[in-house]
Amino acid sequence: MANTKRQLFLKRRLRVRNKIKAMANGRARLSVHRSSKNISVQLIDDVNGVTLAAASTLEKDLGCLGKNNVEAATKIGAAIAERAKKAGVEECYFDRGGFLFHGKIKALADAAREGGLKF
């Protein structure tokens, strides 16, 4: 009966992703992944199966190499918004995966919105 943390995470991720795919209408998906040491985000076109833009704390030029905190998430959110504009994307859906929408994930989303992305 008892579910493990991983099983609950996977159930949440599938629930979020299925809702997004049902309403997609050709819009891009902003997918977030958070590990214990890094944060990465991708702007994905699911129709063509192509990544349009990406940003991560693993990039040296962003200045937050190997950090996983709210400050790093804010920088990543601003970077993905800038790169999305260069790719010609203004609207997308926010795919938080199985992560709860608070803390680092919320900071990333708020920074992306301030940068001009609409979701």
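Is Arg29 buried or exposed? In this predicted model, Arg29 has a relative accessible area of 8% and is therefore buried. The side chain of Arg29 meets that of Asp46 in a salt bridge, with an N to O distance of 2.9 Å. Because Arg29 belongs to strand β1 and Asp46 to the loop between β2 and β3, the pair ties together parts that are 17 residues apart in sequence. Asp46 is partly exposed, at a relative accessible area of 35%.

The structure holds 8 salt bridges. One of them joins Lys86 and Glu82 (3.8 Å, N to O), which lie 4 residues apart in helix α2, a separation of about one helical turn. Lys86 is exposed, at 69%, whereas Glu82 is partly exposed, at 48%. In helix α3, Asp110 and Lys106 are also 4 residues apart, and their closest N and O atoms are separated by 3.2 Å.

The largest nonpolar core comprises 28 residues, and Leu30, Val41, Leu43 and Leu108 have the most contacts inside it. At least two core residues come from each of β1, β2, β3, α2, β4 and α3, with α2 giving the most, 7 residues. Beyond four places in sequence, Leu43 touches residues including Arg29, Leu30, Leu52, Ala84 and Cys92.

Thr57 is located in the loop between β3 and α2. With a relative accessibility of 0%, Thr57 counts as buried.

Notes:
Residues numbered from 1 in each chain as written. Predicted model: local features only at pLDDT ≥ 70, side-chain atom pairs only at ≥ 80, totals over all residues. Heavy atoms only, no water. Core = buried A, V, L, I, M, F, W, Y, C linked by side-chain atoms within 4.5 Å. Buried < 20%, exposed > 50% of the residue type's maximum accessible area, 1.4 Å probe, protein only. Contact = heavy atoms within 4.5 Å. Salt bridge = Lys/Arg side-chain N within 4 Å of Asp/Glu carboxyl O.
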